[in-house]
Amino acid sequence: VAPRIGLIYNYYRTDNMIRFLEQILEVGHSIQQMAGKPVRILLKHKRSYNSKHDQKYIDLVARLSAKGQLFELVDHQTPIYRLVADSAVSIVVPYSSPAYVASHMGKPAIFFDPSNQLLDTHEHARGVTFAAAKQQLFDQITHLVLHTRAL
């Protein structure tokens with residue numbers, strides 16, 4: 001859709017959002033091995049799929065959320081407060097509001113930029129951090145596990 005409407009650069013392009021999911025999954029597997037206990041990654045979209053969404057992304061989400069995988073797709077109408085309350089940490093696309101919901105609820109949140117292209121320019125709030133690349137995401141979650149026993 002982006003090229004059709006004249007967007008020269010779209011951060012939310014398919015390949016970047018796929019990288020977002022895949023790198024979270026890789027970190028989830030590493031954390032699971034390190035912690036020695038199961039990790040569940042809940043994925044909630046802002047809205048339901050429509051004709052503007054890339055089928056490649058939709059297919060990946062279906063595969064990742066298949067039975068036996070770490071990912072679990074949550075209905076897009078699930079209240080964000082309930083989802084955050086039930087989560088140890090929220091991993092959020094940079095500058096999106098669920099991180100501030102988590103902060104308000106006293107829960108940690110990480111803005112995650114898998115492209116390592118964005119600067120940490122978010123509105124700072126208690127418990128909200130920024131990870132640019134997979135290693136930083138792993139390090140921040142590891143810190144939560146080791147120092148706060150969040151998971």
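Strands β3, β4 and β5 form, in the order β3-β4-β5, an open sheet with parallel pairing. Strands are DSSP runs of E of at least two residues, and helices are runs of H or I of at least four, numbered from the N terminus. Two strands count as paired if DSSP finds at least two bridges between them.

This is a predicted model, in which local features need pLDDT of at least 70 and side-chain atom pairs count only at pLDDT 80 or more, while totals for chains, interfaces and linings use all residues. Residues are numbered from 1 along each chain as its sequence is written, and side-chain values use heavy atoms, without hydrogens and water.

β3 and β5 are the edge strands; each has a single partner strand, so one side of each lacks a neighbour in the sheet. β3 pairs with β4 in the parallel sense over three bridges, and Val92 has Phe111 in β4 as its bridge partner.

| Strand | Residues |
|---|---|
| β3 | 90-92 |
| β4 | 109-113 |
| β5 | 128-132 |

A nonpolar core is a set of buried (under 20% relative accessible area, 1.4 Å probe, protein chains only) Ala, Val, Leu, Ile, Met, Phe, Trp, Tyr and Cys residues joined through side-chain atoms within 4.5 Å. The largest such core has 26 residues, and Leu21, Ile24, Tyr57, Phe71 and Leu137 have the most contacts inside it. Two or more residues come from each of α1 (14-35), β1 (41-44), α2 (55-64), β4 and α5 (134-148). The most come from α1, which gives eight. Another core, of ten residues, lies apart from this one and includes Val92, Phe111, Val128 and Ala132.

Note on methods. Buried < 20%, exposed > 50% of the residue type's maximum accessible area, 1.4 Å probe, protein only.
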